Amino acid sequence: MHRATEFRLEARPRLPEVLAQLDVLANDLFYSWNHGVRSLFARIDLRLWQKVEHNPKVFLRRVAQVRLDEAAEDRAFLAEYRRVVSAYEAYLESEPGNEVLEALNPSDSLVAYFCAEFGFHESFPIYSGGLGILAGDHCKAASDLGLPFVAVGLLYQQGYFIQTIDAHGHQIARYQCHSSDELPITLVETGGTPLTVSVPFPGRDVQARVWLARVGHISLYLLDTNTPENSEEDRNLTLQLYGGDSATRISQEMLLGIGGTRVLHKLSINPTAWHINEGHAAFQILERCRMAMANGLPFGAALEWVAGSTLFTTHTPVPAGHDIFPRDLVEHFLGPYLQEAGLEFQDVFALGSKNGDHSFNMTSLGLRGSRFHNGVSRIHGAVASQMEGDIWPQIPFGENPIGYITNGIHVPTFLAPEWASLFNIQAPTWKSELRNREFWQFVDRIPDYHYWSVHKALKQQMAEFIVRRLRRQHTRNGTGHSVTERMTRKLVSPEQDALVIGFARRFATYKRATLIFSDLPRLERLLTRPDQPVVLVFAGKAHPQDKPGQQLIKVIHDLSLQPNLIGHIVLLEDYDQAMARRLLSGVDVWLNTPEYPKEASGTSGEKAAVNGALNLSVLDGWWGEGYEKTNGWAITPRDTGLDAEFRNREEARDLIDLLEHEVIPLYYNRASQGYSKDWVARSKASMKTITPRFNAQRMVMDYVRHYYRPATRQGLRLIENDARLARDLADWKARVRHAWPRVSMQVHGCVTDRCFWDESVELKIAVDLNGLAPEDVRVECLVAPECIGTHAEPGPEAFLLAPSGGIDGKTLFTTQIQPPNPGLQTLRLRMYPYHQALTHPLEMGAMLWA
C-alpha cells in the first residue's frame with residue numbers, strides 16, 4: 001500500500017487595521033527583552049504562542065482570524081495594545097544620555113561589533129550558548145543607551161542543533177531549517193535589488209545576501225550564502241552554527257570578517273571603532289587593510305591604522321575554544337583573496353602564527369591586528385595575559401596590553417516580570433538606575449513576606465514548566481507516567497517546598513557537571529531527608545562531537561532514575577533561553593563548579609542572582625569579583641599545580657560541606673511564617689549587590705570609556721593628514737625591530753645601597769642603541785617596597801631616566817631618586833621602545849632589564 005504524499009498549506013490571517021502595529025513589533029527584536037510585547041501575543045492565543053515557541057512572526061501567520069478579530073474588539077486588550085505600542089514608540093524616540101554623547105557622539109562616532117553568534121531570543125536560533133547570549137545582551141544594552149552601534153554576523157539556516165535525550169540517556173542532535181519569513185529579518189535592498197557581497201574563494205567567488213534585523217535603536221546585518229548564484233556546497237556554508245570541519249569553519253570566518261566588512265562599505269557605513277568579539281571575525285583586519293592599501297597606504301601603515309581603531313575580546317582560557325588552522329589550509333583558502341588584495345601570504349601568516357609553529361591562530365591574528373584587547377573578568381584578564389603572552393615576548397604578563405571588562409547581563413531580558421512589577425511599585429525609576437549601587441539598597445525595604453511570595457510564585461511556575469517538559473520528553477521515550485510523577489513529586493509539593501538547586505549550561509568537561517556526585521552516598525543522605533528534601537535540576541547541551549561531554553549527560557540521566565534518587569535529580573533536554581528564564585527565576589540556588597581558571601566569566605549566575613537566587617560557585621570568572629560572603633557561597637579553588645584528581649576531590653568535599661552545614665540548614669530554618677528570614681536576607685543581599693555591578697549597561701559603558709572612545713580617537717589620530725602618523729609609526733616600528741636584537745644596557749658605576757630618607761640616589765645607565773635615537777626608548781627605574789608581610793603591598797613607582805650625553809660610544813641615561821618608601825626597597829631598571837603615537841606603551845612586546 002502506497003502512502004499518500006502530504007502537501008502543506010498555511011492559511012494566513014489578515015491583520016485587522018487597528019492591530020497593524022503587531023507586525024512592526026514582530027519585526028523588531030525589542031520583543032526579546034520587553035515582556036509587554038510578548039504578553040500581547042500570548043493574550044491573543046496562549047496555546048498557539050507556546051506551540052510556536054514564542055515566535056511572533058510565526059504566530060501572526062498561524063493564529064486564527066477569529067482570534068485576531070476578537071482581540072480587535074476587546075477593549076481591555078486594545079488598551080494594553082496601545083500602552084505597549086506607545087512605550088515602544090517612546091523607546092525609539094528616546095535620545096542617548098549626556099554620558100554617551102560626551103563619550104561617543106553619534107554625529108562623528110560609530111562602533112561596529114562583529115560576532116559569529118547572537119542570542120537574542122529562542123525564536124531567533126542563531127546562537128549556541130554563552131558567547132551568543134553575551135553578544136545579544138551587548139546589543140540590547142547598546143540600544144538602551146542609544147549608542148552609535150552596528151552589529152554584523154551570519155544568518156544560519158539551521159542554527160545550532162536541537163537536543164533530545166533518549167530513554168538511555170543518549171543525546172540526539174537534530175537540525176531544523178528556518179525560513180527567512182519565520183525570523184525577524186528583512187532582506188537588504190539597494191535600488192530595489194537585493195544587496196550582495198562577493199568574497200574570493202579557491203576557484204570561485206562566493207556570493208552572500210544581506211539581511212537586516214532591527215534591535216531597537218541599532219541594526220544587525222547578517223550574511224547568508226543560500227542563494228541561487230552559489231553552488232550547493234557554498235550554499236551550505238551558512239547552514240549550521242559550529243557545524244562541519246575546519247574547511248567549513250575557515251570559510252564561515254572569511255565570510256564574517258571579509259564579507260561583513262564589505263557589507264558596511266557597500267552601505268556607506270563608516271565605523272570609527274571596530275570590536276572583534278572572539279577570533280571568528282578576525283579576518284576583518286585583512287579586509288580593512290586591503291581597503292586602506294587601495295587608498296594608497298603601504299601595508300605597515302594600513303595595519304597600524306586598522307589596529308589602532310580595533311578592540312579584540314577573547315572569551316575563553318580553554319585552548320580548544322580558539323580556532324587554529326593548519327598553514328596549508330590557510331594558504332589554500334586565503335590564496336585567491338590575498339592575490340586580489342595585494343597582500344603577501346608571509347606577512348599575513350606572521351600575524352596569526354603562535355609560538356613559531358606551522359599553524360594559524362585566529363586569536364593571535366585578532367591580538368596582532370588590534371591595539372585594544374580584553375578578557376571578560378578580572379581572573380580571565382590575568383589568565384589571558386599569560387596565555388597570550390608570546391605576542392609581547394619580553395613584557396611581564398601583568399603589564400602586557402590585555403585588560404579586562406567583566407561581563408554583565410541584560411537585566412530587562414532575564415528579570416522575571418513579577419520582580420519587575422514589584423520594582424515598579426517599590427522603586428519606579430529602577431530601569432534608569434541600573435548602575436547605581438546605592439539605589440539598589442531599596443531591596444532591603446521590600447517586606448520579607450512580599451519578597452518571598454514573589455519567589456514562591458516563580459518557583460511554582462518553574463515547577464509546572466518542568467513537569468510539562470518532562471511529560472513530553474518521557475512520552476516520546478515511552479517512559480511510564482508513574483516515573484514522571486515520582487520524578488516531579490518533590491517539585492510540585494507546596495507543603496514541603498523543597499530546596500531546588502539548578503545547574504544549566506554547556507556540558508563541557510571543564511564545567512564539571514558531575515562534581516557534586518563525587519561522594520554519592522553522602523550526597524544521597526543530604527538530598528533524601530524526609531524533612532529537608534533537595535532537588536537538583538540539570539539542563540544543557542554537549543557539542544555533537546564532544547563524547548566526554550555527552551557521557552556526563554548519560555551519567556546524570558542514569559542517576560536520576562535510581563530508585564533512591566528519583567525525584568531528587570531532574571535532567572531536562574534542549575536547554576534554550578525560554579527554559580533558562582524559567583530556571584533562573586525559579587531555583588533557590590544556582591550551582592557552578594568549573595575547573596579553575598577555565599571559566600572566563602560565566603553569566604548564568606548573574607541572571608539567577610538578579611532574580612534572588614543564591615550562587616554556590618567556585619571562585620572563578622565573575623564570581624571572583626561578585627562574592628561578598630553574605631550574598632552566596634564560594635568554593636575556593638585549589639592550586640592549579642596540584643594533581644587534578646586531588647583538586648576535584650577536595651573541591652567536591654567543600655561543596656558537600658557547604659550544602660550540609662550552611663545551605664540546607666539555612667533554607668529550612670523556618671519560623672512560624674513558613675520561610676527562613678535569614679535566607680531572605682541573603683537572597684536580598686544577592687539581588688542588591690549583583691544587579692548594579694553585573695548588568696550589561698555597566699559592561700557596555702565600561703567598553704565605551706576604556707575602549708570605544710580611545711579606539712575612535714586613536715583611529716582618527718592615525719589617519720588624519722593622509723595617515724601621516726600611521727606611516728611614521730609603521731616606519732619607526734620597522735626600524736626598531738631591526739635594531740632591537742643588538743640593543744643593550746648596563747648600569748654605569750655602582751648603585752648606592754643605603755642613604756638617608758631625605759637624600760637622593762643617582763642612577764646611571766649606559767645604553768648601546770644600535771643606531772636608534774635616545775628619544776626612541778624609555779629608560780625607567782621601578783622602585784617598590786620589599787614585601788614584609790602577607791598584605792598586598794603598593795605597586796612600584798616608575799622614575800624616568802633622561803639622556804645626558806655619551807660614554808664609550810654609548811648613550812648615558814641618568815636620574816636622581818629620593819627613596820619613595822621607608823626602609824628596604826628594590827630598584828629595577830628597564831628599557832623599552834617608545835613613540836608618542838603608540839596606543840599602549842608596551843605594545844611592541846620589547847623590553848630589556850639591566
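This is a predicted model: local features need pLDDT of at least 70, side-chain atom pairs count only at pLDDT 80 or more; totals for chains, interfaces and linings use all residues.
Strands 3 and 12 both have buried residues on either side, while D69 sits in a patch of negative charge on the surface.

- Strand 3 covers residues 162-165, and both of its faces are covered.
- I162 and T164 are on one side of strand 3, Q163 and I165 are on the other, and all of them are buried.
- Strand 3 runs antiparallel to strand 4 (residues 171-174), and four bridges join the two.
- If you want a spot to start looking, I162 is opposite R174 in strand 4.
- The hairpin made by strand 3 and strand 4 has five residues between the strands, and G169 there takes a positive phi near 85 degrees.

**Strand 12 and its partners**
- In strand 12 (residues 310-313), T310 and F312 point one way, L311 and T313 point the other way, and all are buried.
- Strand 11 (residues 273-277) runs parallel to strand 12, with four bridges between them.
- Strand 15 (residues 372-375) also runs parallel to strand 12, joined by three bridges.
- T313 turns up in both pairings: T313 is the bridge partner of N277, and T313 stands opposite N374 in strand 15.

**The negative patch**
- D69, E70, E73 and D74 gather on the surface as a patch of negative charge.
- D69 belongs to helix 5, which spans residues 65-73.
- With a relative accessible area of 35%, D69 counts as partly exposed.

Terms used. Residues are numbered from 1 along each chain as its sequence is written. Side-chain values use heavy atoms; hydrogens and water are left out. Buried means under 20% relative accessible area, exposed over 50%, partly exposed in between (1.4 Å probe, protein chains only). Two strands pair if DSSP finds at least two bridges between them. Patches are made of residues with over 30% relative accessible area and no salt bridge: like charges are joined within 9 Å, nonpolar side chains (Val, Leu, Ile, Met, Phe, Trp, Tyr) within 5 Å. Accessible areas come from the Shrake-Rupley method with a 1.4 Å probe; for residues, only the protein chains shown count as cover. A salt bridge is a side-chain nitrogen of Lys or Arg within 4 Å of a carboxyl oxygen of Asp or Glu. Lys and Arg count as positive and Asp and Glu as negative; His and the chain ends are not counted. The place of a charge is taken as NZ of Lys, CZ of Arg, CG of Asp or CD of Glu.
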